[in-house]
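Try each task before you read its solution.

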Amino acid sequence: RRRTIKEREDARKMEGKDLITNLLPVLDDFDRALKATENATEVAPVREGVLLIQNKLKNTLTQKGLLPMESIGQPFDADLHEAITNIPAPTDDLKGKVIDEMEKGYYLNDKVIRFAKVIVGA
């Protein structure tokens, strides 16, 4: 019985091992990017490098089941969105719809893990 409890504890501690192992190359890329910025004189190549790292991170998370939520232009849904504020809708067809997104929402394997923080047209 003690062995079973210990095995469960060990399994729980190592649950995120696959994800963390897949994210280590992204962390390495960030370290290299920071080192490259020490002597950088132009912003464009640094920006390009950061975009490449961002894409690598997004791809890794997508492979693990993370999907971004599309909110702008959608009807406000309290099950998916958290309204930060209401503003007058620029057009009548935007009333009750998401006009802007302050923080992106995400699904993990079809379940909401972070609600989108949005601005809704009134």
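**Exercise 1.** Work out how the span of helix α2 (residues 17-37) compares with the expected one, then find where α2 has a kink.

*Solution.* Begin with the length: α2 has 21 residues, where a helix is a DSSP run of H or I of at least four residues, a strand is a run of E of at least two, and both are numbered from the N terminus. The expected span is 1.5 Å times one less than the number of residues. From first C-alpha to last, α2 reaches 30 Å, close to the 30 Å expected. Next, look at Leu24: a kink of about 30 degrees lies there, shortly before the proline Pro25. The bend is the angle between axes fitted to the seven residues ending at a residue and the seven starting there.

This is a predicted model, in which local features need pLDDT of at least 70 and side-chain atom pairs count only at pLDDT 80 or more, while totals for chains, interfaces and linings use all residues. Residues are numbered from 1 along each chain as its sequence is written, and side-chain values use heavy atoms, leaving out hydrogens and water.

**Exercise 2.** Find the strand order of the open sheet of three strands.

*Solution.* The order is β1-β4-β5, with antiparallel pairing; two strands pair if DSSP finds at least two bridges between them. β1 (66-68) and β5 (111-114) each have a single partner strand, so one side of each lacks a neighbour in the sheet. Now zoom in: β1 and β4 (residues 106-108) share three bridges, and Leu66 has Leu108 of β4 as its bridge partner.
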